[in-house]
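Biologist: I would like to learn how such a model is read, feature by feature. Could you take me through this one, giving the general idea before each case?

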Amino acid sequence: MSGTNNPYGGSYGAGNYGGQNATVNFGSTPAAAPAPAPSSAPAAAGSYISDTTTAGFGKDVIEASRSQPVLVDFWAPWCGPCKQLTPVIEKVVNEAQGRVRLVKMNIDDHPSIAGQLGIQSIPAVIAFADGRPVDGFMGAIPESQIREFIEKVAGPEGMDQAAEIEAVLGDAETLLGQDDIQGAAQLYGAVLQADPENPKAAAGMMQCLIGMGETPRAGEMLASLPEEMAADPAIQAVAKKLEQIEEARKLGDPVALEQQLAANPDDHEARVSLAKILNVQGEREKAADHLLTIMRKDRTFDDDGARRQLLQFFEVWGPKDPATISGRRRLSSILFS
C-alpha cells in the first residue's frame with residue numbers, strides 16, 4: 001500500500017507492491033455484479049490456506065501470527081483483480097511450505113475488519129506478525145513481487161529457518177522437562193504448522209498428549225504418520241512408550257504386586273511387572289531400582305531379561321534423562337564389578 005490508501009504508514013509496501021492499476025474501489029462496485037464462478041470464492045485446499053470470519057479473526061490471524069507470519073487476503077466475489085491474484089498468491093504461499101499462512105476474508109460477508117483497518121480498495125493483503133500488522137500491498141501484483149513480499153515478511157529461506165525451528169524445539173523440550181505441558185504443546189504445534197513432517201515436533205506433541213492423559217489421541221496421531229516419518233528414532237521412542245503404557249494396563253494392581261514382593265522378595269516376575277507399571281507412572285528411579293535388584297540377585301532370570309528391560313527404558317527415557325544417566329552408572333557397576 002502507498003500514499004493515502006495505506007492505513008499503516010509509509011513502511012507498508014514502500015511503493016514496491018503498489019499495483020494500483022489492478023485494484024477495485026468499493027464505491028465503484030456495480031449494483032448488479034455478476035455472480036462469481038464457484039471455484040473463485042473458497043480458499044484453496046491446503047494446510048497453509050484457509051478462510052476466516054469476523055468472529056474467527058482473532059484466533060485465525062492475531063493468535064496464529066504469534067507463531068508464524070499470516071497474510072490476510074481481503075477480497076470479494078465481484079472483484080476481478082481478486083480473481084487474478086487468488087491463484088498466484090495461493091501458489092506462492094503453498095510453495096513457501098509453511099513460512100507464512102494465507103487467510104482469506106470475504107469483505108462482502110465480513111466487512112467490519114476491513115473497515116477497521118481502513119482498507120478502501122481490494123484486493124488488499126495485510127501481513128500480520130506477533131499479533132499486529134507489519135506490512136501489506138494492494139492489487140493483483142506479479143508473482144515475482146509476491147515472492148519478494150513473502151521473503152520480506154518471513155525472512156530469508158534456508159538455514160535461518162532451520163535454525164529457528166531447532167531453537168523452538170529446544171525450548172519445547174525444556175518446557176516438557178519442566179512439566180509445562182501446555183507451553184511445550186504450543187511450541188511443538190507451531191513447528192508442526194511450519195513443518196508438518198518434522199519428526200521431533202510430532203514426537204514431542206505425542207509426548208504432550210500422553211502427559212495430558214490423552215494416550216488414545218497420541219496413538220491416533222502415531223497411526224496417522226507417514227511410514228517414513230514413523231520410522232524416525234524420536235517417533236519410535238514414543239511408539240515404544242505407548243506400547244509400555246498399554247502393557248502396564250494389563251499387569252494388574254501395583255499394590256498387590258508390592259504385597260507379593262513383601263511376601264517373597266525373589267518373585268522376579270512380580271518385580272518386573274511392578275517396574276513396568278512404575279515406569280509409565282513416571283517413577284523412573286524406582287522402576288530402575290527393581291530391575292537392578294533382579295540383576296544383582298539373578299542374572300540368569302529370563303535370560304538376563306531385567307537388563308534388556310532396563311535398556312528399553314533407557315531408550316524411551318532418552319540419553320539425557322537423569323534416570324537414564326543414574327541407571328547406566330548403576331548398571332555399569334553391576335556389569336563390571
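**Reading the model**

Modeller: D303 is exposed, with a relative accessible area of 64%, where exposed means over 50% relative accessible area, buried under 20%, and partly exposed in between, with a 1.4 Å probe and protein chains only. This is a predicted model, in which local features need pLDDT of at least 70 and side-chain atom pairs count only at pLDDT 80 or more, while totals for chains, interfaces and linings use all residues. Residues are numbered from 1 along each chain as its sequence is written, and side-chain values use heavy atoms, with hydrogens and water left out.

Biologist: Where is D303 found, and what phi does D303 have?

Modeller: D303 is found in the loop between α13 and α14, and has a positive phi of about 55 degrees although it is not a glycine. D304 is found in that loop between α13 and α14 as well, and its phi is also positive, at about 65 degrees, although D304 is not a glycine.

Biologist: Is D304 buried or exposed?

Modeller: D304 counts as buried, because its relative accessibility is 12%.

Biologist: How many helices and strands does the protein chain have?

Modeller: Helices (H or I, at least four residues) and strands (E, at least two) are DSSP runs, numbered from the N terminus. The secondary structure of the protein chain comes to 15 helices and 7 strands, and buried residues make up 46% of its 337 residues.

Biologist: How is the span of a helix judged, and what span does α12 reach?

Modeller: The expected span is 1.5 Å times one less than the number of residues. Helix α12 (residues 268–280) has 13 residues and reaches 19 Å from its first C-alpha to its last, close to the 18 Å expected. α14 likewise has 13 residues, and reaches 18 Å between its first and last C-alpha, close to the 18 Å expected.

Biologist: Which elements do the buried residues of α12 pack against?

Modeller: Contact means heavy atoms within 4.5 Å. The buried residues of α12 pack against α10 (233–249), α11 (254–263), α13 (284–297) and α14 (305–317), and α12 is mostly covered, with 11 of its 13 residues buried. For α14, the buried residues include L310, F313 and F314, and what covers its buried residues includes α10, α12, α13 and α15.

Biologist: What does T86 show in a helix, by comparison, and which residue's backbone oxygen lies 2.9 Å from a polar atom of its side chain?

Modeller: T86 lies in helix α2 (residues 80–95), where the backbone oxygen of C82 lies 2.9 Å from a polar atom of the T86 side chain. T86 is buried, with a relative accessible area of 11%, and, leaving aside its neighbours within four places in sequence, is in contact with D73 and K104.

Biologist: Which peptide bond is cis?

Modeller: The bond that joins I122 and P123 is a cis peptide bond, with omega about 0 degrees; P123 has its place in the loop between β5 (121–122) and β6 (124–129).

Methods
Polar contact = N/O pair within 3.5 Å; in protein donor to acceptor, adjacent residues only side chain to side chain.
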